[in-house]
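Visitor: I am new to this structure, and I would like to understand the words used to describe it. Could you show it to me and go through them with care?

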Amino acid sequence: MEKLSVREARQPEAIGRQAKLQGWIRTRRDSKGGFSFLEVNDGSCLANIQIVADGDLPNYQTEIKQLSAGCSVTICGTVKPSGGKGQVTEIQAKSVQVHGWADPEEFPLQKKRHSFEKLREWAHLRPRTNTFGAVARVRSQLCQSIHSFFHERNFLYVHTPIITASDCEGAGEMFRVTTLDPANTPRTSDGKVDYAQDFFDRPTYLTVSGQLEGEIYATALGKIYTFGPTFRAENSNTSRHLAEFWMVEPEMAFCTLQENMDLAEQFLKHLCGELLSQCGDDLQFFNDRIDDQLLQRLGDVAASEQFERLSYTEAVALLEKSGESFDYPVTWGANLQAEHERYLTEKVLCRPVIVYDYPAAIKPFYMKVNDDQQTVAAMDVLLPGVGEIIGGSQREDRLDVIEAKMKEQGLQPEDYWWYLDLRRFGTVPHAGFGLGLERMVQFVTGMANIRDVIPFPRTPGNAEF
Ligand code: ATP
Ligand code: MN
């Protein structure tokens, strides 16, 4: 007998087929007529399939009537048209085989709804709920669309390392990687930790970004992207920060800030457009249950003419004359806080916004200094609901300028000799950006907390599962 997923068996074309379905019971309802309805879910789509199990099945009394939420089953039967609402098909069971029971006294996911906070404590079971199943499918589709976007544009997919000796942001907040014994750290004669005895002969960390290595491949092969986990030991307990998150980072040779912004915009439109066509049911679910503006917002991004673009200086002027009272004051030279970003994209401009040309003093050494000497060719893309989703820049391609910047920021140019070589040999204008995958999943699902859009969130104090 042919195996069908619930998704396949729900299609009208499946009617008349003999099928084998496998999944987990969501509910059982016994009819007065001496038969039962089972709702089975296998994760292939949001919806369940209805199984009709007649009373004359050999294990009807002994097993079928004991089934409860969470039990795993194999059903063999015929796909039939269904009279029930919300479904075109149902399965008339010829056999119901039980693989595993789930004691209703103990299995936590009963019909009663649980808060997302509670479900975080059951990260091993929450993918069996509608919401987390939908998040997983949307996240997977986004990843496919990320690859297809770059593949269609002839970008090369490059794997940058996870363990690194350089700090891309130049700002600490990194997790150390070491095999030294913390209880017995080797010391040099002047009392410092002797990293010469460590695994890599030097201090090493988990990467905060693949950018620096991405630049190496872009300045050889033209257009590349990396897509992998990144790590930040920032102790910020917010709904938008994780200690481990996934980042997509394209990097392009012969590329200006303008072209970088164009690509970021096309990228977000592509992701929203593909998702609307591929994950309609899941998005509808989020629109019904989580955020009733969701479909509207996604449609707007996918179809929008152009994202609003304004310089940092213009953004500050807008905020200053807003009359809003912010927790953090707005002054030229200070970083835009999340409240400022969200005010711009949600209240003033009401659409995606790209802010560019930030003050040099608040940005890392690798961003290209503009002719005004005060600002750098940086850009952030802000989306309603999540704020900053993309950060990028044109990179400084002049050796003397970047060396001076490094020294200014307390970095040793010798430590970055290979990065500086890219400016020494055949330097080119180049640019790139980073998109936080989880922020994107938040935007497209409306999920308020970033801990609920990654299977196993890593945040300060949490690393169970
Ligand atoms: P923020 O100001 O929100 O902390 P950032 O300026 O540190 O962000 P970048 O270093 O530019 O961010 O990183 C690029 C992208 O990675 C961001 O636009 C965001 O989408 C994502 N990102 C950054 N930090 C985190 C984090 N701790 N958890 C999840 N995503 C993150
Ligand atoms: Mn940050």
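**Terms and values**

Guide: Strand β14 (residues 353-359) is largely enclosed by the rest of the structure, because six of its seven residues are buried, where buried means under 20% relative accessible area, exposed over 50% and partly exposed in between, with a 1.4 Å probe and protein chains only. This is a predicted model, in which local features need pLDDT of at least 70 and side-chain atom pairs count only at pLDDT 80 or more, while totals for chains, interfaces and linings use all residues. Residues are numbered from 1 along each chain as its sequence is written, chains are lettered from A and ligands numbered from 1 in the order in which they are written, and side-chain values use heavy atoms, with hydrogens and water left out.

Visitor: How do you know that β14 pairs with strand β13?

Guide: Two strands pair if DSSP finds at least two bridges between them, and four bridges join β13 (residues 308-311) to β14, the two running parallel. Within this pairing, S311 has Y356 of β14 as its bridge partner. With strand β15 (residues 375-383), β14 pairs in the antiparallel sense over six bridges, and there Y358 stands opposite V376.

Visitor: Why are helices α6 and α7 called oblique to each other?

Guide: The axes of α6 (residues 280-289) and α7 (residues 294-303) come within 8 Å and cross at roughly 130 degrees. Angles under 35 degrees count as roughly parallel, over 145 as roughly antiparallel, 65 to 115 as roughly perpendicular and the rest as oblique, and α6 and α7 are therefore oblique.

Visitor: What makes the pair of F150 and Y225 stacked?

Guide: Rings of Phe, Tyr and Trp (its six-membered ring) pair if their centres lie within 6.5 Å, and planes under 30 degrees apart count as stacked, over 60 as edge-to-face and the rest as tilted. The rings of F150 and Y225 are 4.6 Å apart centre to centre with 20 degrees between the planes, and the pair is stacked. F150 lies in helix α3 (residues 130-152) and Y225 in strand β11 (residues 223-231), so the pair ties together parts that are 75 residues apart in sequence.

Visitor: Why does F150 count as buried?

Guide: F150 counts as buried because its relative accessibility is 0%, and Y225 is buried as well, with a relative accessible area of 4%.

Visitor: What makes the pair of F150 and F155 tilted?

Guide: The planes of F150 and F155 stand at 55 degrees, with 5.0 Å centre to centre, and this pair is tilted. Ring pairs link F150 and F155 into a cluster that also includes Y225 and F267.

Conventions
Axes are lines fitted to C-alpha atoms, for helices over the stretch in contact, and angles run from 0 to 180 degrees between N-to-C directions.
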